Amino acid sequence: ACVCLASGCSPTPPPPAPVFAGPPGVLGLTLIGAGSTAPPSLDAARTALGQHLPGMSLVSAVPKALTGPVVLMESLDRQGFQPPAPATLRRQGRGLSEADIVHITNTDHALAMVFVTPSPDQLQTVTQASALAVELALQTGAYIQDDDTLEVFSVDAWQATRRDGWVPTRPDAAVQLALLATADGDALRAGSRGMARFGRPDVVVEGFAPPHFDGVDGLIQLTAQHLMESPTLPTEPTLTLDIRALQSAAVQQRLAALMVPGAQGQATVRLSWPPRLETDPENALMGVHPPEGQDWDAVLTAVFGTPHPGGDPVQQAHEAAVEQLLGPEKALFMAGLPDGESLMVKGPFDAPDGSIEWMWVVVQSWDNGVMSGMLDNAPANIPTLKAGDPVTVTEADAFDFLHVFPDGRTVGNTTGAVLIGG
C-alpha cells in the first residue's frame, strides 16, 4: 500500500538533526495473516491505535491540509492482496522458516496500514508505527511486510532490527532501508528503498561496474544518511558527501570501517532527478553521479580508498554457482531429490522493451541441457508470463541456483549474497 500526495510520496527526522522542512513522510506496513489465521481486524487495529497512539488520527483519505500524523487502514482479501512468491520470501524474508513461507503464501487476508506524517515528526512516527505493528502482529501471529523495502519479517526479526536496532535520537537511515540492484547492460543500477518515510527521495546510482558494488552500497548509505540529517533537500546541482560530517557517530564508525589507507572519506557528486522505473519505489528519486570528467573509480577511491581489486565479485560468484549447479547439484537432481527438497535455477527472460528479467524457476525435469519447470517469480515487465507458468532455462543461460531443504536450509544464491552486499 502506498499513498502519493500532490507533493509526492515521502517523510523526515527530529533531534539531534535540525527541524525538518519538506514533504510529509509516508510509511506503508502490511500485516500478513498466517495461513488460515487472519491478521488483526480493523476494529482491533482501531482499538490499539486509540490506546497507544492517541495523537494519530485514523482517516479514510489524506487531508489536503496535513496538520498532524494520520493513518489509513484497510482489511484486504485475495482480491486486494497477493502474497509474495516463495522465492521472493526466501530472498527478502527476514527470520522466516520454510513453515512461515508456507503460511504466508497460503493466506487469504492482510491488514494494510499507511502512516502519513508532516514535518518534523517523521522519526517519531516511524518508531510508533513499528511498535503498533508489533503489538498487532503478536495478537494473531501475523507477519510484518514493509511495503517500501519489500521485506517480510517475523515478529522476532522485526523486533531485532526495526525496533532494537532503531534509535530515533541517533537515527541510522540504513536500518530502515533496503538496496535493490539490477543489471543495466554490462553495468549495474542500484537504489535505496524506504526513504519515503523520512520525507526524502530514494537514492539511485547508475552505470557502475560490478566490482564497485560494495563501494556504491556505502555511497548510497552515506547519501541517504546525509539527506536524513539535513533540514532541507539539496538545491544545488552538486553535493559534498563527508563521512566525518555526519551527526550519527555510529554511522560514521560503520562507514569509516569501509575506508582503506589513503581514503579521504569525502567526495563531491552531481545530482539529478531520474525517471522512475518499474522496479523503483513509489517515491521521488535522486540520482547520484560522478562529477564531470570523473568516473566512479575516482569517486569511490576518494571516499573509501582503492576500489576492490581481484576481479568482478558477481561474475566470480556466478561462475562458482554454475560449476556447482552443473556438477554436484545436477547429479543430486538426476538421482532424485528426497521429498521436501527442491532445486531452483535463475535464468533470463526477454521483456518487450528489450531488457532482461532474471527470475527463478522451480526445476521439474532436466533433459539434454535444458531445465524445465515452473516460474516462481511474478514478472515486473513481461505481461505474457505469470508466476506458475511452465518455462525452460538452458544450462548455458543458468545464472545461479538455490537448493531448498525441508528444514528451511538453503544452498546457493551466491550471486544474490554479493548483490545485496552480504
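Reader: In this predicted model, are Arg162 and Asp146 buried or exposed?

Author: The model is a predicted one. Arg162 and Asp146 share one description here, and it applies to both residues: they are buried.

Reader: How far apart are the closest N and O atoms of Arg162 and Asp146?

Author: Arg162 forms a salt bridge with Asp146. The pair links distant parts of the chain, with Arg162 in helix 5 (residues 155-163) and Asp146 in strand 6, 16 residues apart. Between the closest N and O atoms of Arg162 and Asp146 the distance is 2.7 Å.

Reader: Which strand holds Glu151, a salt-bridge partner of Arg162?

Author: In the salt bridge of Arg162 with Glu151, the closest N and O atoms are 2.9 Å apart. This pair also links distant parts of the chain, eleven residues apart. Arg162 lies in helix 5, and Glu151 lies in strand 7.

Reader: Why does Glu151 count as buried?

Author: A residue is called buried when its relative accessible area is under 20%. Glu151 falls under that cut-off and therefore counts as buried, because its relative accessibility is 8%.

Reader: With which residue does Glu151 form a salt bridge at 3.0 Å?

Author: The closest N and O atoms of this pair are 3.0 Å apart. Glu151 is in strand 7 (residues 151-153), while its partner is in strand 4 (residues 93-94), 57 residues away.

Reader: How many salt bridges are found in the whole structure?

Author: The pairs described above are among those found, including Arg162 with Asp146. A search of the whole structure gives a total of 14.

Reader: Where is Gln145, and with which side chain does its side chain make a polar contact?

Author: Gln145 sits in strand 6 (residues 143-146). Its relative accessible area is 13%, so Gln145 is buried. Leaving aside neighbours within four places in sequence, Gln145 is in contact with several residues, among them Phe81, Pro84 and Glu151. Its side chain makes a polar contact, at 2.9 Å, with the side chain of Asp147.

Definitions and conventions
Residues numbered from 1 in each chain as written. Predicted model: local features only at pLDDT ≥ 70, side-chain atom pairs only at ≥ 80, totals over all residues. Heavy atoms only, no water. Helix = DSSP H or I, 4+ residues; strand = E, 2+ residues; numbered from the N terminus. Buried < 20%, exposed > 50% of the residue type's maximum accessible area, 1.4 Å probe, protein only. Polar contact = N/O pair within 3.5 Å; in protein donor to acceptor, adjacent residues only side chain to side chain. Contact = heavy atoms within 4.5 Å. Salt bridge = Lys/Arg side-chain N within 4 Å of Asp/Glu carboxyl O.
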